[in-house]
Amino acid sequence: MSEVKGLLVMDVDSTLVQEEVIDLLGEEAGVGQKVAEITERAMRGELDFRQALNERVATLKGLPESIFDKVYARIHFNKGAKELVDELHARGFKVGLVSGGFHETVDRLAVEAGIDYVKANHLEVVDGVLTGKVYGDIVTKDVKVAKLKDWAVENGLELSQTIAMGDGANDL
C-alpha cells in the first residue's frame, strides 16, 4: 500500500453537486419554497443547523421512499468535481464527504465519484414512507471537523496535509 499524501474533505450540496438535495426533496413534497427559505437562512448562519435540518425534514413526512430515486436523477455533479477526485487519487490523496445531507443520496454520489469516506445524516423511513425525522448523529460543523481529524489520523496525516471545502456556515 502506498503512503497517503493528503486528504480532501468536502461538503456535498452546492459543493460536490450543484443542487441542495433537501430543496429537491422539498419540491417533490410540494413545500419547496418553504424548505429553500429555511436552507438559505441556515447557510447564512441565521439558524442553528440542527434546528433548520429538523424543520426541513419535518416537511417531508409522508413521502414514499422511492422519492430518493426521483431526486437522484435531478442531481448534477459540479463541473470538474469527478475529475478533481480522480486527480487527487492519482496524487495519493484520499477524499471524504461530510454532509448535512442524507446517506440515501450521498452514498450513491460517493460510489459514482469514487469517494473514500462518507458521513451524512439518515432520514427515518418506516414501511416505505419518510417519517419526517432524522436518526443517529446529526452532521453539524463540529462533526465535520471531527471526521476530518479522524480520517487524517487514520491515514497518518497532519492537519496541514488536509483540505476542507464547503460553501456555507455549517462548513466554517
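Q: In what order do the five strands of the open sheet stand?
A: Strands of a sheet pair through backbone hydrogen bonds, in a parallel or an antiparallel sense. In this predicted model, the order is 4-3-2-1-5, with mixed pairing. Strands here are DSSP runs of E with at least two residues, and helices are runs of H or I with at least four, numbered from the N terminus. Two strands pair if DSSP finds at least two bridges between them.

Q: Why is one side of strand 4 and of strand 5 left without a neighbour in the sheet?
A: Strand 4 (129–135) and strand 5 (162–165) are at the edges, so each has a single partner strand. From one strand to the next, the twist averages 25°; axes are lines fitted to C-alpha atoms, for helices over the stretch in contact, and angles between N-to-C directions run from 0 to 180 degrees.

Q: In which sense do strand 1 and strand 2 pair?
A: Strand 1 (residues 6–10) and strand 2 (residues 93–102) are parallel, over five bridges. Val9 has Gly96 in strand 2 as its bridge partner.

Q: Which strands does helix 5 touch?
A: Helix 5 (residues 81–90) packs on the sheet and touches strand 1, strand 2 and strand 5. Contact means heavy atoms within 4.5 Å. The direction of helix 5 makes about 145° with that of strand 2.

Q: How many residues of helix 1 are buried?
A: Six of the eight residues in helix 1 (residues 21–28) are buried, that is, under 20% relative accessible area (1.4 Å probe, protein chains only). Among them are Val21, Ile22 and Leu25. The buried residues pack against elements including helix 2 (32–43) and strand 3 (117–126).

Methods. Residues numbered from 1 in each chain as written. Predicted model: local features only at pLDDT ≥ 70, side-chain atom pairs only at ≥ 80, totals over all residues. Heavy atoms only, no water. Buried < 20%, exposed > 50% of the residue type's maximum accessible area, 1.4 Å probe, protein only.
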